[in-house]
Amino acid sequence: HAADAHRTDLMTITRFVLNEQSKYPESRGDFTILLNHIVLGCKFVCSAVNKAGLAKLIGLAGETNVQGEEQKKLDVLSNEVFIKALVSSGRTCILVSEEDEEATFVEQPKRGRYCVVFDPLDGSSNIDCGVSIGTIFGIYMVNDSHEPTLDDVLQPGKNMLAAGYCMYGSSCTLVLSTGEGVNGFTLDPSLGEFILTHPDIKIPKKGKIYSVNEGNAKNWDGPTAKYVEKCKFPKDGSSSKSLRYIGSMVADVHRTLLYGGIFLYPADKKSPNGKLRVLYEVFPMSFLMEQAGGQAFTGKQRALDLVPNKIHERSPIFLGSYDDVEEIKALYAAEE
Ligand code: AHM
Ligand code: MG
């Protein structure tokens, strides 16, 4: 279509969120400002990730992060970028990052009402081979009536106001929910703007893909083992599922959201709480899944009902298409 060649009515992420927020006069534009700062952080990290090989940013910074893993330079950089972007927004009070053992309390006069939990660069083991990695974030709000404390972030995921991720892949994609569905935006590098490309994402009710690190199978519990067996050798006449596992949560969840299916990071004998962190990995992805019509389950309960006791707590997670998660829920229920 000739008219499409010079479209100037693009729905940018800022315009989109301003439209959404205009329904809530009490939000006074604060959320839009916060989101703009998150978007800025994503653009910065995107450009750093794209230049990683060239700029020799890849490699060890000689530090280990709080989980005792080797920390790559890009992780350090991304963390600094997001902390600075969030503090300078003037809209945040507590920041929890995977890379920092302690939460950051924002001092006056920069303090605002939002708490942001985030993993600045998830999937870091994939940096060196150019596989997609991403930033994951969730947002809570505190009421002005008290001094912010850690309890303000140790909240169940269902209390989040918004959640999202940015995937640094073949293109840079930001997926966001403010509690009214899920929308996807793609960075147009020539404009430097995220453009609405995936409006109102709904996950297929049932999928044909399962995604799990099967190398851990010998340590799985009964229901997980049974479920994966069913994916490969279905007894009800249905066709077997395909296995896709990137090992980068943002990429595996993004595919699950768009194509349907299930992503599992179960408990196993070696890691009784699984691997993924509740606040900034499990909750944001579970929030997005539910908003897209899917489900997220911990093996015991709805993931968003979980109340974390520690900021870096872990939980098993099963998330994806509604019907696929129903099946794993039934297997865990049968176990009891
Ligand atoms: P990270 O935060 O150290 O990058 O680890 C999180 C990543 C997730 O992106 C991914 O889903 C998972 O680890 C993969 O773990 P595994 O290698 O055990 O399959
Ligand atoms: Mg991570």
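**A ligand shell, a domain and a helix pair**

Hi everyone, let's begin with ligand 1: of the 14 residues around ligand 1, the ones that come nearest are G123, S124, N213, G247 and M249. Please keep in mind that this is a predicted model.

Which elements each supply at least two residues of the shell around ligand 1? They are the strand β5, residues 111-122, and the helix α6, residues 249-259.

Next, a word about the annotation. An unreviewed UniProt entry puts "domain: Fructose-1-6-bisphosphatase class 1 C-terminal" at residues 203-332. In the model, that span is 36% helix and 12% strand, and its end C-alpha atoms are 23 Å apart.

Now to my other topic, a pair of helices. In general, two packed helices are described by the distance between their axes and the angle between those axes. Here the pair is α1, residues 13-21, and α2, residues 30-50. Their axes come within 10 Å and cross at roughly 155 degrees. How do α1 and α2 run, roughly parallel or roughly antiparallel? An angle over 145 degrees counts as roughly antiparallel, so α1 and α2 are roughly antiparallel to each other. The crossing of these two helices is right-handed.

If you'd like to find the contact in the structure, look on α1 for I13, T14, V17, L18 and Q21. They meet F31, T32, L35, N36 and V39 in α2. The residues of this contact are 6 nonpolar and 4 polar, with no charged ones.

How values were computed:
Residues numbered from 1 in each chain as written. Chains lettered and ligands numbered in written order. Predicted model: local features only at pLDDT ≥ 70, side-chain atom pairs only at ≥ 80, totals over all residues. Near = placed C-beta within 6 Å. Helix = DSSP H or I, 4+ residues; strand = E, 2+ residues; numbered from the N terminus. UniProt positions renumbered as here; feature names shortened; annotations may be inferred. Axes fitted to C-alpha atoms, helices over the stretch in contact; angles between N-to-C directions. Parallel < 35°, antiparallel > 145°, perpendicular 65-115°, else oblique. Left-handed = near helix turned anticlockwise from the far one by under 90°. Contact = placed C-beta atoms within 7 Å. Nonpolar A, V, L, I, M, F, W, Y, C, P; charged D, E, K, R; others polar.
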